[in-house]
Amino acid sequence: MFQPVKSLDDALAAVTDGCTLVVPREVSGVPMAATRALIRRGVKRLHLVALPTSSLQADLLIGAACVATLETSAVSLGEFGPAPRFAAAVIAGAIKMLDATCPALHAALQAAEKGVPFMPLRGLIGSDLLKYRGDWKVIDSPFGNADPIVLLPAIKPDVALLHAPMADRFGNVWIGRQRELATMAHAAAKTVVTVEKIHDGNLLDDPVLAAGTLPGFYVESIAVAERGAWPLPLPDHYAADPEHLAEYARLAATAEGFADYLERYVYDKRAA
Amino acid sequence: MTNVRRDFRDEELLADVIARLIGDVRHVAVGNASPIPATAALLARERGKGRPYVSLLGSPKNTFWTDGARELFDCAGQGRIDVFFLSGGQIDGQGNVNLVSTGDYEHPKVRFPGSFGSAYLYYVVPKVILFRVEHSRRTLVPRVDFISAPGASEQNVYRPGGPIALVTNRCLFSFAGGRFTLTSVHPGHTIEEVIEHTGFDFERPAAVPETPAPSPDTLRLMRETVAPQLTEVYPQFARQVFGVGQAARAR
């Protein structure tokens, strides 16, 4: 029988060096405990896709030298300021940047979800984003009259990694209204999930819960990580930790401070 | 105009200006890192007794999306969002916004967070209000180094949307025909100062009025009713500008 519930480190085995990893935006269930575990393990050369933006998660992974390529629309700490390790890495040329715009990432993952090679999107024509995205193409709409439109190739991640409120022992994961988590999972070859708790019974048995459930069919492995999104929020469950994020912004402003942060909050497992 | 006694903060004046620009519409959406537009949108909703519908990105209480974050963009693509807000590390006189970097893209001097949804929403939302609190030659430039989203498009490009105005800490510009026009100068600021600190050319009528100060009713509404609603997404802003903390949210 399929037994998806594992230890955190075992669950993360699917996230291999060099893989294309898709993660959710800063407020929809970011797997931060899993991110810290990946940094401890020393994962390398990730092609990180942040759907469609990121905050602490991307900044941490970039600062810890886990990322080769970053594909996203923005990285920022929001009210706590710019994402310092991201900005430093781009300026130093330490990561390859694939700049996008939010709906382009949603659309490209939807293409993978549907098993089609591309998705069209309005906007973009005249933006310098197009100039630096050789993989995005402008065509004349076959249904229009001299109507140019952009085509975006499907993004097919190797792994989707997300955090959710609960899962059952059959691998079904309750994501509630954070439906972009389902898009990520549908698009990716494998999905790894951390959850606050294990639900007794089968989530698909209750039609109210089933509507907000990602079926275990798509799920490779699950690990329990209580407060696994900390210090970011888990929507409808807990808020962000503003004091911690302010401390991160202060420390990560320099390479030395960032190293100190990693030591205190990532490598020292008790703190994490 | 100098040494005026003021009983309001810059943020309150700017939110009042933006709320007027929003006008009578069905749906206003506010993106990331936009506390002043969020204040304005919620103020407009209070004044309109529930109209417009306000969607605040990052706020479960103030978003109806049940189909993931893409629903915002799908709504916009269909014309279901009437007003949106954009800022920029640089904004130029043609209404181009740069949210990416300064210098050469491949060897940037300063890296900004990124384009967010600008390269789509600027095209499809009918009224896009630009806001940039810092009004300086550093931010308002002759030509942006990187066009995240252009102010105008070629005739054959699908473009029902675009910029209508730019709000800064010194003044309000309107945007039409590919150019900015100085519409009003905020209390305590002067036309000469606006010219000195603006890196692009703009139209200027013979007489430029002063931006009206927020009325006592508006200030009361903002401070007592709107500010507590901001703590969910903008706790620091709500505390610094309105002195409102988590306690007010629980109330």
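View 1. β8(A) and β9(A), residues 148–153, run antiparallel and are joined over four bridges. Two strands count as paired if DSSP finds at least two bridges between them. Strands here are DSSP runs (E, at least two residues), helices are DSSP runs (H or I, at least four), and both are numbered from the N terminus. This is a predicted model, in which local features need pLDDT of at least 70, side-chain atom pairs count only at pLDDT 80 or more, and totals for chains, interfaces and linings use all residues. Residues are numbered from 1 along each chain as its sequence is written, while chains are lettered from A and ligands numbered from 1 in the order in which they are written. Within the pair, Lys137(A) stands opposite Leu151(A) of β9(A).

**View 2. Chain A meets chain B.** On chain A, 43 residues are in contact with 38 residues of chain B. Contact means that the C-beta atoms of two residues, placed from the backbone, lie within 7 Å. The elements of chain A that give two or more residues to this side are β5 (74–75), α4 (84–92), α5 (102–114), α6 (128–131) and α7 (180–187). The residues on this side of chain A divide into 20 nonpolar, 13 polar and ten charged. Ala, Val, Leu, Ile, Met, Phe, Trp, Tyr, Cys and Pro count as nonpolar, Asp, Glu, Lys and Arg as charged, and the others, Gly among them, as polar.

View 3. α6 of chain B covers residues 216–230, 15 residues in total. From its first C-alpha to its last it reaches 20 Å, close to the 21 Å expected at 1.5 Å a residue. The expected span is 1.5 Å times one less than the number of residues. The bend at Met222(B) is about 35 degrees. It is the angle between axes fitted to the seven residues ending there and the seven starting there. Buried residues of α6(B) include Thr218(B), Met222(B) and Val226(B). A residue is buried if 20 or more other C-beta atoms lie within 10 Å of its own, exposed if 12 or fewer, and partly exposed in between, with C-beta atoms placed from the backbone. An α-helix has 3.6 residues a turn, so residues three or four places apart point the same way.

**View 4. Strand β3(B) is covered on both faces.** In β3 of chain B, residues 83–86, Val83(B) and Phe85(B) are buried on one side. Phe84(B) and Leu86(B) are buried on the other. In a regular strand the side chains alternate between the two faces of the sheet. β3(B) pairs with β8(B), residues 127–132, in the parallel sense over four bridges. The bridge partner of Phe85(B) in β8(B) is Ile129(B).

**View 5. A mixed sheet of chain B holds three strands.** The order is β5-β4-β9, the sheet is open, and the pairing is mixed. β5 (97–98) and β9 (140–141) of chain B stand at the edges with a single partner each, so one side of each lacks a neighbour in the sheet. β4(B), residues 90–92, runs parallel to β9(B), and two bridges join them. Asp92(B) stands opposite Val141(B).

**View 6. Two loops of chain A hold cis peptide bonds.** The bond from Leu51(A) to Pro52(A) is cis, with omega near -15 degrees. Pro52(A) lies in the loop between β2 (46–51) and β3 (53–54) of chain A. The bond from Trp230(A) to Pro231(A) is cis too, with omega near 5 degrees. Pro231(A) sits in the loop between β14 and α9 (242–251) of chain A.
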